[in-house]
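Welcome, and please open the model in your viewer. This tour tells you what to select next and what you will find there.

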Amino acid sequence: QLQLVESGGGLVQPGGSLRLSCAASGFTSDYYAIGWFRQAPGKEQEGVSCFSGSGGSTNYLDSVKGRFTISRDSAKNTVYLQMNSLKPEDTAVYYCAAALRSSALFRRCVLFPAPYDSWGQGTQVTVSS
């Protein structure tokens with residue numbers, strides 16, 4: 001079974017940066033895609049970025065394009081989300097998730113949560129002055 005553990009959240013001022021990490025353990029070769037999602041209080045969960053298992057596809061929420069970058073270190077079984085130029089509206093709990101059964105995501109990942117079936121516990125990101 002795949003386990004995911006997020007880290008790297010915290011409090012940062014507007015315009016600052018954070019790098020989130022998602023460390024995978026267990027059957028790390030069995031996921032088809034990894035995604036980052038976030039949920040702010042009183043708001044619906046939204047997909048922020050994803051990385052296909054093939055490594056050939058990434059996808060970003062429009063509001064984070066040019067500011068956030070997803071990457072993977074296969075040797076460390078870790079996926080990162082580099083977040084720059086952070087805004088107060090980026091404040092949320094950030095989750096990473098893996099798609100274990102949806103083989104279609106291997107070549108092209110998606111930003112809606114339904115195909116992702118293994119989730120981490122989340123890490124809080126707060127952007128405030």
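**The disulfide stops**

Select Cys50 and Cys109 to begin: the torsion about their S-S bond is about 75°, so this disulfide is right-handed. This is a predicted model, where local features need pLDDT of at least 70, side-chain atom pairs count only at pLDDT 80 or more, and totals for chains, interfaces and linings use all residues. Residues are numbered from 1 along each chain as its sequence is written, and side-chain values use heavy atoms, with hydrogens and water left out.

Stay with this pair and look at the sulfur atoms of Cys50 and Cys109, which lie 2.1 Å apart; a disulfide here is a pair of cysteine sulfur atoms within 2.5 Å. The link joins distant parts of the chain, 59 residues apart: Cys50 is in strand E5 (residues 46-52), and Cys109 is in the loop between E9 and strand E10 (118-119). Helices (H or I, at least four residues) and strands (E, at least two) are DSSP runs, numbered from the N terminus.

Now show the surface. Cys50 is buried, with a relative accessible area of 0%, and Cys109 also counts as buried at 2%. Buried means under 20% relative accessible area, exposed over 50%, and partly exposed in between (1.4 Å probe, protein chains only).

Next, select Cys22 and Cys96, a disulfide with its sulfur atoms 2.1 Å apart. This pair too links distant parts of the chain, with Cys22 in strand E3 (residues 18-25) and Cys96 in strand E9 (residues 92-99), 74 residues apart. Both Cys22 and Cys96 are buried.

To finish, display both bonds together: the structure holds two disulfides. With the bonded cysteines numbered in sequence order, they pair 1-3, 2-4.
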